[in-house]
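Welcome! Take a look at the sequence and the 3D view before reading on.

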Amino acid sequence: MLTLYKAEDDNFTRWISEKMERMVVAHQIIDVDQNTDLPDAIDRQNLPVLTDSHERWETKEAISHFLEELHQDLKFSQRMQSDTCHIDPDNPEECL
């Protein structure tokens, strides 16, 4: 699951949120204030930070690149799946 830690709601953090919603990926968004406990590896000064609990993306460029690459991977995966059935002409009750 992806987790976005953000301190403010700006155009970039809204773009991240919308992108994850459109991709239908499991995610959570944590609005950080002075009382929010952050994982040790995340510094308030570097927000927004996107993490999957194994890796972290801390710059706008890194976050954008990761999400665009993930989006392309998901689109490719969806194209490889098919919900169609090609009927076997010799046995119309079976898909090929």
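**A first look**

Phe12 is buried, with a relative accessible area of 12% (buried means under 20% relative accessible area, exposed over 50%, and partly exposed in between, using a 1.4 Å probe and protein chains only). This is a predicted model, in which local features need pLDDT of at least 70 and side-chain atom pairs count only at pLDDT 80 or more, while totals for chains, interfaces and linings use all residues. Residues are numbered from 1 along each chain as its sequence is written, and side-chain values use heavy atoms, with hydrogens and water left out.

**Aromatic pairs**

- Two aromatic pairs turn up in a search of the whole structure (rings of Phe, Tyr and Trp, the last by its six-membered ring, pair if their centres lie within 6.5 Å; planes under 30 degrees apart count as stacked, over 60 as edge-to-face and the rest as tilted).
- Phe12 and Trp15 have ring centres 5.9 Å apart and planes at 15 degrees, so this pair is stacked.
- Phe12 and Trp15 are three residues apart in helix α1, so about one helical turn separates them (helices are DSSP runs of H or I with at least four residues, strands are runs of E with at least two, and both are numbered from the N terminus).
- Trp15 is partly exposed, at a relative accessible area of 25%.
- The rings of Trp57 and Phe66 are also stacked, because their centres are 3.8 Å apart and their planes at 20 degrees.
- Both Trp57 and Phe66 are buried.

**Salt bridges**

- The structure holds five salt bridges (a side-chain nitrogen of Lys or Arg within 4 Å of a carboxyl oxygen of Asp or Glu).
- One of them joins Asp31 and Lys6, with the closest N and O atoms 2.7 Å apart.
- Asp31 lies in strand β2 (residues 27-31) and Lys6 in strand β1 (residues 2-6), so this pair ties together parts that are 25 residues apart in sequence.
- Lys6 is buried, at 8% relative accessible area, whereas Asp31 is exposed, at 51%.
- Lys6 also meets Asp9 in a salt bridge (3.8 Å, N to O).
- Asp9 in turn forms a salt bridge with Arg14, the closest N and O atoms being 3.6 Å apart.
- Through shared partners, Lys6, Asp9, Arg14 and Asp31 are joined into one network.

**The sheet**

- Four strands form an open sheet of mixed pairing, in the order β2-β1-β3-β4 (two strands pair if DSSP finds at least two bridges between them).
- β2 and β4 (56-57) stand at the edges with a single partner strand each, so one side of each has no neighbour in the sheet.
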